[in-house]
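Please read the following note with the structure open beside it.

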Amino acid sequence: MKKIIIQEKIKIISNSRVGRNHFRLILCAKRIASLSIPGQFIEVRVAEGYEPLLRRPFSIHHVKGPNIEIFYQAIGRGTEILSRKKAGEFLDVIGPLGKGFSILNTQYSILVAGGMGVAPLVFLAEKLKECKSKNAKCKIVVLLGAKTKNHIFCQKEFKKAGCDVKISTDDGSSGFGGRVTDLLKSVLLNTQYLILNTQIYACGPKPMLKEIGGIVASCGLAAQVSLEEYMACGIGACLGCAAQTKSGYKYVCKDGPVFKAEELT
Amino acid sequence: MNTEIFLGALRLKNPVLAASGTFGYGEEFKDFLKPKDIGAIVTKTITFSPRQGNLPPRITETAAGMLNSIGLENKGLDDFIKNKAPGFRKLKTPVIVSIAGDSPREYGELAKKLCAAGISAIELNLSCPNLKNSKLISQDPKTTYEVVKAVRKAAKAAIIAKLTPNVTDIREIAIAAEEAGADSVSLVNTFLGMGIDVNTRRPRLGNITGGLSGPAIKPIALRMVWETAGVVKIPVVGMGGIMTADEALEFIIAGASAVEIGTANFIEPKTSLNVVSGIKDYMRKNKIKDIKELIGSIRYK
Ligand SMILES: Cc1cc2nc3c(=O)[nH]c(=O)nc-3n(C[C@H](O)[C@H](O)[C@H](O)COP(=O)(O)OP(=O)(O)OC[C@H]3O[C@@H](n4cnc5c(N)ncnc54)[C@H](O)[C@@H]3O)c2cc1C
Ligand SMILES: Cc1cc2nc3c(=O)[nH]c(=O)nc-3n(C[C@H](O)[C@H](O)[C@H](O)COP(=O)(O)O)c2cc1C
Ligand code: FES
């Protein structure tokens, strides 16, 4: 399929706080919505002036009809400005960008989210569910990792998509006490997961993704991981978002953000 | 209305170019604009052999600007001639190939091979380290002269010598390029800068230092273009932080025959198109029939 990138001024339907500094932004972006696949992202110009100057990348969190949804954390200048935008205002958006997840119709799908890494996985779970409805034996397991209880999001969405949700918190305030990668290890002790019937999809901080690479290598499973890197253009022109892979530098915006775990170094 | 300008033998239908390193090889922007509507595209700088580029992070944002340390990453000349150059005809606008080498000889060789492959315009990225001392090529009038001369001898192409602004007096460098036979000079490349993350106390760029571009550098770039235009007879191509047609017009009025759009492409991919139409609107409004009337038309009183 020929990839098309759209630039649109799109209307904010809503922008609501869902946690201490977590927000959901719903945008009416019919053309982008119709082209998006899970794992892809958009580049948002959060301010008309030069503060901040560059667009900010956000994963597509959910698509419903003509609307796309972004799930984001206000952690700096750009995201704080974004968090103050009101329904009815317009945003200049470019997307969909990048190569998303390859949706494989395996019997088991294990989704591993670290912190904000949950953002693209909801859209993925929803698409996997569409495959699942064709094959009733399919099972989606979601491992949601966060620092603490208040940082666990999207449980409801995953459950709605028919996923089996397991939680880990670093401080043990909810679910498994420890890191989500340790939860993954314990889940994988179950010998039903084989390379032929299981695909792991992960998004989160780089150290977590690297560790997942190690885990799947040691037990012979396959994983797709979504990376983040600082971006300027988002379309493969500036070579700014380089990430080291086994076959040299790859560009997160164009070759990724989703890579095979075995490609990471 | 005439917006045509010449840089040596290179004819441009309008004076707005996409700057090296910010527009890929032309293809990347096809969903946003038709390359045929802008004056020319300057490619990402290519080198003789493939280059890996610098350690990430390669980009960080600063007040009204950005720092980059891409490190001339490219797949080398052979790959370029085989895989990129054949697509240029489809773009229907002149493609100027930016090159960098480590010696006058290497620049000459590159230019010669590109000409043989049908390339007719070359921008010399002279912001590369000079192997003989710790300076950049265009930080030294003598090396600048040698490189431009070597290319002049090796190739028939139109030559644009692109200068670094990290110098005490850019005029003497521009004059050296002119004397060596450059058809035009372009400026500015990025200003060397750095940033530190106070939480980790680590440099924000993998390479520690990088080049500053974007709106933050515009007043300095404009001053340097004005200074240069005052001392050379060849056309000057101005750039540095141009985001709007008015800013492009500032450079033209200061003496630039053409402008390049860099960082702005990342923020608004249609900037170069908007600048072309904004310049035309300005000309219409001010009853200017030929863009040449505007070049260097700065009024001091
Ligand atoms: C492909 C992709 C998808 C993303 N999806 C989401 C998402 O769905 N939800 C979400 O909340 N965030 C997402 N991010 C991260 C988001 O883009 C950054 O949080 C945002 O750009 C920060 O902007 P700011 O101006 O608020 O922060 P700044 O003031 O620029 O920085 C604040 C802090 O954030 C860090 N930071 C800034 N940009 C990035 C980046 N690109 N990657 C990693 N760290 C960064 C800085 O180091 C700094 O510590 C994604 C990033 C990428 C590359
Ligand atoms: C990400 C990036 C990559 C660049 N790569 C090159 C390059 O390969 N060769 C070159 O001559 N200039 C390069 N430049 C410099 C630009 O062409 C331009 O001279 C500079 O950015 C100033 O213009 P601007 O402020 O409009 O961006 C690069 C700039 C940026 C931001
Ligand atoms: S952000 Fe420019 S190449 Fe990826």
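1. An oxygen atom of ligand 2 is placed 3.0 Å from an N or O atom in the side chain of Lys44(B). This is a polar contact, that is, a pair of N or O atoms within 3.5 Å; within protein, one must be able to donate a hydrogen and the other to accept it, and residues adjacent in sequence count only if both atoms are side-chain atoms. A nitrogen atom of ligand 2 is 3.2 Å from a side-chain N or O atom of Asn125(B), and an oxygen atom of the ligand is 3.4 Å from one in the side chain of Asn189(B). Taken alone, ligand 2 exposes 600 Å², of which the protein buries 98%. Such accessible areas come from the Shrake-Rupley method with a 1.4 Å probe; for residues, only the protein chains shown count as cover.

2. The model is predicted: local features need pLDDT of at least 70, side-chain atom pairs count only at pLDDT 80 or more, and totals for chains, interfaces and linings use all residues. Residues are numbered from 1 along each chain as its sequence is written, chains are lettered from A and ligands numbered from 1 in the order in which they are written, and side-chain values use heavy atoms, with hydrogens and water left out.

3. The predictor gives the complex an ipTM of 0.93 and a pTM of 0.95. Chain B has a mean pLDDT of 95, with 99% of its residues at 70 or more; pLDDT is the predictor's confidence in each residue, from 0 to 100.

4. Which residues come nearest to ligand 2? Of the 21 residues around ligand 2, they are Ser20(B), Thr45(B), Lys162(B), Gly241(B) and Thr263(B). A residue counts as near when one of its heavy atoms lies within 4 Å. The shell consists of five nonpolar, 14 polar and two charged residues. Here Ala, Val, Leu, Ile, Met, Phe, Trp, Tyr, Cys and Pro count as nonpolar, Asp, Glu, Lys and Arg as charged, and the others, Gly among them, as polar.

5. Around ligand 1 there are 19 residues, and Arg56(A), Pro57(A), Gly78(A), Thr79(A) and Tyr230(A) come nearest. The shell around ligand 1 divides into ten nonpolar, five polar and four charged residues. Domain 1 (6-97) and domain 2 (108-263) of chain A both contribute to this shell, so ligand 1 lies between them. The domain bounds come from an automatic or database domain assignment.

6. Oxygen atoms of ligand 1 take part in several polar contacts. One is 2.4 Å from a side-chain N or O atom of Thr79(A). Backbone atoms also take part: a polar one of Gln73(A) is 3.0 Å from a ligand oxygen, and an N or O atom of Gly76(A) is 3.2 Å from one. Alone, ligand 1 exposes 860 Å², and the protein buries 80% of that. Strand 4 (56-59), strand 6 (67-73) and helix 2 (77-83) of chain A each give two or more residues to its shell. Strand 4 of chain A gives the most, with four residues. Helices (H or I, at least four residues) and strands (E, at least two) are DSSP runs, numbered from the N terminus.

7. Glu8(A) and Arg31(A) form a salt bridge, with their closest N and O atoms 3.5 Å apart. The term denotes a side-chain nitrogen of Lys or Arg within 4 Å of a carboxyl oxygen of Asp or Glu. Glu8(A) belongs to strand 1 (residues 6-17) and Arg31(A) to helix 1 (residues 30-35) of chain A, so the pair ties together parts that are 23 residues apart in sequence.

8. A cis peptide bond, with omega about -10°, joins Gly95(A) and Pro96(A). The bond from Leu187(B) to Val188(B) is also cis, with omega near 15°.
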